[in-house]
Amino acid sequence: MSLPDWPAGVPSAPQRGSFRISRPFNKPVSSEFEAGNTRDRPRGTLQYRMLAMELRMSAVEFALFDAFVSDDLARGTRRFTMPVWDGAGMVTRTVRLAGEDKFTTRQQGRAVMVGFTLEVEL
């Protein structure tokens with residue numbers, strides 16, 4: 001089964017100042033030794049980066065986004081492909097909405113500011 005794509009009518013570029021790498025890599029597996037030392041190892045072969053961001057949307061764009069999350073992503077539980085900022089430009093990656101709430105909204109004038117954290121496959 002193919003992954004859903006980010007809707008073409010919804011912006012994907014984060015607002016200036018809202019983009020943040022909240023966790024650059026998966027948490028490592030730590031092993032403790034009798035001498036008191038610990039050794040960290042990467043967890044699994046698939047690595048994820050957590051990106052927090054906020055997007056500015058019109059009411060129409062938010063309606064498309066909300067339908068995409070509710071229907072195509074089964075209330076935000078499925079992975080999907082999306083253009084994400086990698087520090088130099090927009091690159092299409094496989095992502096998943098992270099967190100229990102999946103996304104938050106706030107009004108800013110006529111715009112809807114949508115905030116979320118993405119789990120991005122590296």
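Modeller: Let us begin with contact, which means heavy atoms within 4.5 Å. Please bear in mind that this is a predicted model.

Colleague: Which residues does Leu3 touch, not counting residues up to four places away in sequence?

Modeller: With those neighbours left out, Leu3 touches Arg78, Arg79, Phe80, Thr81 and Thr94. Leu3 itself lies in the segment before strand 1 (20-23).

Colleague: Is Leu3 buried, partly exposed or exposed?

Modeller: Buried means under 20% relative accessible area, and exposed means over 50%. Leu3 has a relative accessible area of 28%, so Leu3 is partly exposed.

Colleague: How far apart are the C-alpha atoms of Leu3 and Arg56?

Modeller: The separation is 24 Å, for two residues 53 residues apart along the chain.

Colleague: What span does helix 1 reach from its first C-alpha to its last?

Modeller: A span may be set beside the one expected at 1.5 Å a residue. Helix 1 (residues 59-72), with 14 residues, reaches 19 Å, close to the expected 20 Å.

Colleague: Which residues in helix 1 are buried, and why are they on the same side?

Modeller: The buried residues are Phe62, Phe65, Phe68 and Val69. They lie on the same side of helix 1 because they cover an arc of only 120° around the axis. Ala59, Val60 and Asp71, on the other side of helix 1, are exposed.

Colleague: What covers the buried residues of helix 1?

Modeller: The cover includes strand 4 (48-57), strand 5 (80-85), strand 6 (90-98), strand 7 (104-108) and strand 8 (111-121).

Definitions and conventions
Residues are numbered from 1 along each chain as its sequence is written. This is a predicted model: local features need pLDDT of at least 70, side-chain atom pairs count only at pLDDT 80 or more; totals for chains, interfaces and linings use all residues. Side-chain values use heavy atoms; hydrogens and water are left out. Helices (H or I, at least four residues) and strands (E, at least two) are DSSP runs, numbered from the N terminus. The expected span of a helix is 1.5 Å times one less than its number of residues. Buried means under 20% relative accessible area, exposed over 50%, partly exposed in between (1.4 Å probe, protein chains only). The arc is that of the directions from the helix axis to the C-beta atoms.
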